[in-house]
Amino acid sequence: MQVQGTLQLPGDKSISHRAIMLSAIADGVSYVRNLNDGADLQSTINILRDCGASIKQNENEIIIYGKELYSPSKELDCGNSGTTTRLIAGLLSSQKLSFTLIGDKSLSRRPMKRIITPLVQMGCKISSNDGLLPLSIDASDGVSAIHYNMKVASAQVKSSILFSALGGNNVSSVNEIIPTRNHSEIMLKNMGASIESEGSKIIVYPIKSKLKSIDISVPSDPSSAAFFVALAVINNNSNLKLTNVLLNDSRIGFIEVLNKMNCLITKSNESVHNGEKVGDLTISASNLKAIEIESKTIPSIIDEVPILAVVAAFAKGITVFKSVEELKYKECDRLSAIIHNLEAFGINAYEKNNDLFVEGGKVERMSKITTFDDHRIAMAFTILSLTSFEKYELDNMQCVDISLPNFFNYLSEVTK
Ligand code: S3P
């Protein structure tokens, strides 16, 4: 199969969530173009509307009219989205609101104690189903400052605290164990918040006046780009270009990993927009070799482990992903889902003390992909199946709608 052409993918999911949420509490009118078109973003938009936000969705642009939000009269449905749940909890608590968050079956099994602990410390009254959704949060008495040492490497938890601290009574700080994506910090700074980094610590001051509105175009999602980069590196005679991709260092660990595996991925046309690095990626075919990926790299590839595990299946040797326990708490237990599907296709893969091992070899048998209703598992194994057998079969094709609804169309655009 040949992989060729040029793609410009939809906007980054993480930046899209943050842009809509922060604009909803900003002063005046914000404009956001190239928003991520997945279902998770719709959950965020619907929730903000339930709290009184005025958001107009045109085909190419979202217009957000900053307003005073109010406590909603109904439960807020976060759907499948962990980012919506954890960031909205922080944002609405900064506005002294009371609200209940619910979600689908997958989201209802994901851990929320990681945000409950700091938010309770900040003065929120929270009840939950033993650390799981539904989560009822009462922040009507306001929030106080916090100095918090992160227990897990999570940008969602960090952002939840930073957003909540905007409404705090004093300066707050968050100390990270391993750096995670910093889009909240960048956007808050651009919108006029007082926020600074001091080593591993992020210091944020309560906002005295409202945040400034924004006018941005969201760069393409590197986590979506990773599927097409992978497709190009595991197929011979590839020549693929992805344009306008977000190249924030905390998000492109997969490029470094792939370059170490012997791939040739080059960046060009680099620039900085609204504090975020953007550029084009060109990928040509490679002679893949296995590597060991250290634990400190994992946060920068956290969403790309499924597709990197697929690439590892085509590499010579055993690739090791160290300390990937967090994968168990994603849209499904991705550690088991990766192993299950690799084995179904005849690739040896196993877990030992939270490290994932993938033995590169021949993809021996065609299998129906078990998605566990997880968008990234679905896309990763579609790439594996398409490359090996020029066909694919999934138990749920719709789940890609969560982050990249046109995945299958893009795929046929670049394959011959
Ligand atoms: C995200 C952070 C990561 C990532 C998720 C998006 C964000 O989650 O997996 O897809 O936008 O902050 P964790 O914070 O749970 O690692």
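Me: How much area do domain 1 and domain 2 bury between them?
Reply: This is a predicted model, where local features need pLDDT of at least 70, side-chain atom pairs count only at pLDDT 80 or more, and totals for chains, interfaces and linings use all residues. Residues are numbered from 1 along each chain as its sequence is written, and side-chain values use heavy atoms, leaving out hydrogens and water. Carbon and sulfur atoms carry 44% of the buried area (accessible area, 1.4 Å probe, that two parts lose on being put together, summed over both). The total is about 2,300 Å².

Me: Which residues make up domain 1 and domain 2?
Reply: The bounds come from an automatic or database domain assignment. Over C-alpha atoms, the centres of domain 1 and domain 2 sit 28 Å apart. Domain 1 is 13-217 and domain 2 is 219-414.

Me: How many residues of domain 2 are in contact with domain 1?
Reply: Contact here is heavy atoms within 4.5 Å. Domain 1 brings 28 residues to this. From domain 2, the number is 30 residues.

Me: Which residue forms a salt bridge with Glu331?
Reply: A salt bridge needs a side-chain nitrogen of Lys or Arg within 4 Å of a carboxyl oxygen of Asp or Glu. Between domain 1 and domain 2 the count is three salt bridges. For Glu331, the closest N and O atoms are 3.9 Å apart, and the partner is Arg110.
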